Amino acid sequence: MPTDPAPAPAPAPRPDRRTVLRGTLATGAATALSLAATTAAAADAPADRTFTLTGHLPTGAPDFVYLPVEVPDGVREIAVSYGYDKPPVPAGTPGNSCDIGIFDERGTDLGSDGFRGWSGGFRTEFSVARDAATPGYLPGPINPGTWHIVLGPYQVAPQGLDYRVQVTLRFGEPGPEFTPHYPPERARGRGRAWYRGDCHLHTVHSDGRRLPAEVAAGAREAGLDFIVSTDHNTSSSHAVWGPLAGPDLLILTGEEVTTRNGHWLALGLPAGEFVDWRYRSRDEEYPRFVRQVHRSGGLVVPAHPYCPYVACQWKFGYEQADAVEVWNGPWTYDDESAVDTWDAQLAVALRHGRSWTPAMGNSDAHSAPQVIGSPHNVVLAEDLTRDALLDGLRAGRSWLAESAAVRLDLTVTGHGRRAGIGEELTVPADAPLDVRLTVSGVPGGTVRLLTDEGQMHQEPLAADGSGTVVWRTTASLAAYVRAEVRHPRADGTPGRGNAMGPDLPWGPMAALTNPVVLRAEDR
């Protein structure tokens, strides 16, 4: 019998992740900061001044490391470049990855007005001035005081991470004041109608490669009525969307809030508003920023909750969410997991008389060949306005489509009453209810009708991808009815919803609806 291994030595206390590192982690940093103070003291010299901050971050370093930079009077621009080592690591071990951003003299507290930009790991250099800034950063005054360059070492190799940050202070007269061009909150709509929109999109203002103009053009090409701008951890793109919106395209402002325990979409933010991301689930800060978004009338939407990448899996729970993104980009196994989790929560919410959480689908498109609008949301709204669209999404009066070629209508009728997607139908428990789904645009597709018992009906569409499916139930048998339309599997077969096997039973999703809720009348 093997003996128990000797107990491991107690780990060193983990430094507080909000601790400002002022050169305490490496001797090089202290020298660099001293150089910064010396350089900044010569504020009256007209020449540009450059200095370097270096340091070492061990495994277990704080999530965010704050490097102070003293900015004197007369600086018109701050330019920053950085790099870090990437030593070889054993197979299966994460290597070094480090983000970067900057806060001004107003401070680095959570939610601080001092936020001036973030580029994550997408850029190695940036600059900030009164009249202009690198995408991801906010133009504005370069006031004297203590600014902070922020490093975000979200992966640190066993050997640690050696960083090098070069800062240049450029002196001179400030440029003209920057004028933002925010988009309007209304476009030319069709009154009460179904509107198509992609609510998760990235540009060069975070880690996308498309210019905002290219995103707007792609949205129009995809047949969308609206989009939401959701660059990671910055509001900088809000100020450029105005000229790109139009009567035919409503552009709403938002943010993808990229925490260490999952990403969430803040949709419909007031233009220019920033939502902080520097916390984990255990910090209990998430509810504070949920309240911030809700105060402004926006929506909180956990994004791609089963995404396998570092820090993407959702760990905050769904109680405070207004919707959940169950379909993100091309259909993959993590979307299957997200839909299954969402569906399981529907029955629980309805059983306890709680509000249920609607499903959303978005492209999360960053660059070609990712397709803008695949998938997107089709929302029943009173008009093509910010408030009307957010109301429709919040209520679940929406369904998800892979493209504008897919059309769908789902209704439930019975006892002289009728309800559609996101609505409730209250009838006698045993009154017959006809569920009717009309679909077009999915050649070779298969319709699934699902309730709290699971799949209850499966039917193929015609070869041209269109058809109408009718199925009967009662409120005593189904707490809700929702629909899915699937493409054929890779082998050309339709798949079976009530079967088990070694592979996924279904092909990719073509459309998915929020439920029609069925309630039995009290007697």
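A residue is termed buried when its relative accessible area is under 20%, exposed when that area is over 50%, and partly exposed in between. By this criterion, arginine 220 of the present predicted model counts as partly exposed, because its relative accessibility is 34%. Aspartate 248, with a relative accessible area of 39%, is likewise partly exposed.

The side chains of arginine 220 and aspartate 248 meet in a salt bridge, with an N to O distance of 2.8 Å. Since arginine 220 belongs to helix α2 (residues 212-221) and aspartate 248 to the loop between β10 and β11, the pair ties together parts that are 28 residues apart in sequence.

Strand β10 (residues 226-229) runs parallel to β11 and is joined to it by four bridges, with phenylalanine 226 standing opposite leucine 250. The pairing of β11 with strand β12 (residues 262-267) is antiparallel and extends over six bridges; here valine 257 stands opposite tryptophan 264, and a hairpin of two residues connects β11 to β12.

Over the whole structure, 23 salt bridges are found. One of them is formed by the side chains of arginine 116 and aspartate 104, at 3.3 Å from N to O. Because arginine 116 lies in strand β5 (residues 115-120) and aspartate 104 in the loop between β4 (97-103) and β5, this pair ties together parts that are 12 residues apart in sequence. Arginine 116 and aspartate 104 are both buried.

A further salt bridge is found between the side chains of arginine 486 and glutamate 336, with an N to O distance of 2.7 Å. This pair links distant parts of the chain, arginine 486 being located in strand β25 (residues 480-486) and glutamate 336 in helix α4 (residues 333-351), 150 residues apart. Both arginine 486 and glutamate 336 are buried, and both take part in a network of salt bridges in which Glu336, Asp343, Arg448, Arg482, Glu484 and Arg486 are linked.

Technical notes
Residues numbered from 1 in each chain as written. Predicted model: local features only at pLDDT ≥ 70, side-chain atom pairs only at ≥ 80, totals over all residues. Heavy atoms only, no water. Pairing = 2+ DSSP bridges. Salt bridge = Lys/Arg side-chain N within 4 Å of Asp/Glu carboxyl O. Buried < 20%, exposed > 50% of the residue type's maximum accessible area, 1.4 Å probe, protein only.
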